[in-house]
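Hello,

Here is the structure I promised to pass on. My notes follow below it.

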Amino acid sequence: MDLMNRVCKPYLDKFMIVFDDILIYSRNEKEHEEHLKTILELLKKEELYAKFSKCEFWIIRVKFLGHVIDNSGIHVDPAKIEAVKNWASPTTPSEIRQFLGLAGYYRRFIEGFSKIANPMTELTQKNQKFDWEGSEDFVVYCDASIKGLGAVLMQRMKVIAYASRQLKIHEKNYTTHDLELGAVVFALKIWRYY
């Protein structure tokens with residue numbers, strides 16, 4: 001991952017994404033042909049090779065990391081948000097944190113999400129009680145967007161804490177990958193003393 005991110009850095013988030021796979025996206029076929037050629041030449045120059053049997057080209061619609069990407073843009077995969085749509089109204093701080101942890105990832109696709117989430121986040125922070133169950137099995141989920149950083153602390157599949165904050169002015173210039181790392185650092189700083 002690190003090697004691919006370094007090699008492809010000039011093109012990341014412009015017309016390609018590197019995760020476990022390489023995804024190249026374009027607005028039209030001519031542009032896509034140019035993007036494919038650029039990346040394939042780059043990979044060849046760096047002596048990086050793809051297994052042809054695992055490659056797919058000229059796909060009109062792709063499901064990728066919980067999203068559907070097509071010629072009209074990036075959309076949430078409807079199957080992934082079904083749990084958010086069917087979630088019962090949270091009534092306790094713990095339930096609110098669980099809901100925000102689940103829904104937070106899709107916040108950029110939900111109109112007015114911050115207006116809904118901010119009062120709930122403030123409520124959970126005022127009443128925050130950590131329900132530890134021993135000292136093992138902790139999982140931290142982090143995410144970043146062009147607006148802010150967020151993190152969820154879980155233990156045994158239960159949300160223990162949720163935190164988010166807006167980006168500072170200088171952070172708005174960070175690359176997506178640096179923001180993702182910033183979200184991890186943010187989470188570790190918040191929960192290091194608990």
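**Salt bridges and overall layout**

K30 and E34 sit four residues apart in helix α2 (residues 29-45), so about one helical turn separates them. They form a salt bridge, with the closest N and O atoms 3.7 Å apart. A salt bridge here is a side-chain nitrogen of Lys or Arg within 4 Å of a carboxyl oxygen of Asp or Glu. K30 is exposed at 60% relative accessible area; E34 is partly exposed at 43%. Buried means under 20%, exposed over 50%, partly exposed in between (1.4 Å probe, protein chains only).

This is a predicted model: local features need pLDDT of at least 70, side-chain atom pairs count only at pLDDT 80 or more, and totals for chains, interfaces and linings use all residues. Residues are numbered from 1 along each chain as its sequence is written, and side-chain values use heavy atoms, with hydrogens and water left out.

The whole structure holds three salt bridges. Another one links E31 and R27, at 3.8 Å between the closest N and O atoms. R27 is exposed, at 67%.

E171 and R165 also form a salt bridge (2.9 Å, N to O). E171 lies in the loop between β8 (158-166) and α6 (176-191). E171 is buried, at 9%, whereas R165 is partly exposed, at 24%.

Overall, the protein has six helices and eight strands. These are DSSP runs: helices H or I, at least four residues; strands E, at least two; numbered from the N terminus. Buried residues make up 33% of the 194 residues.

Best wishes
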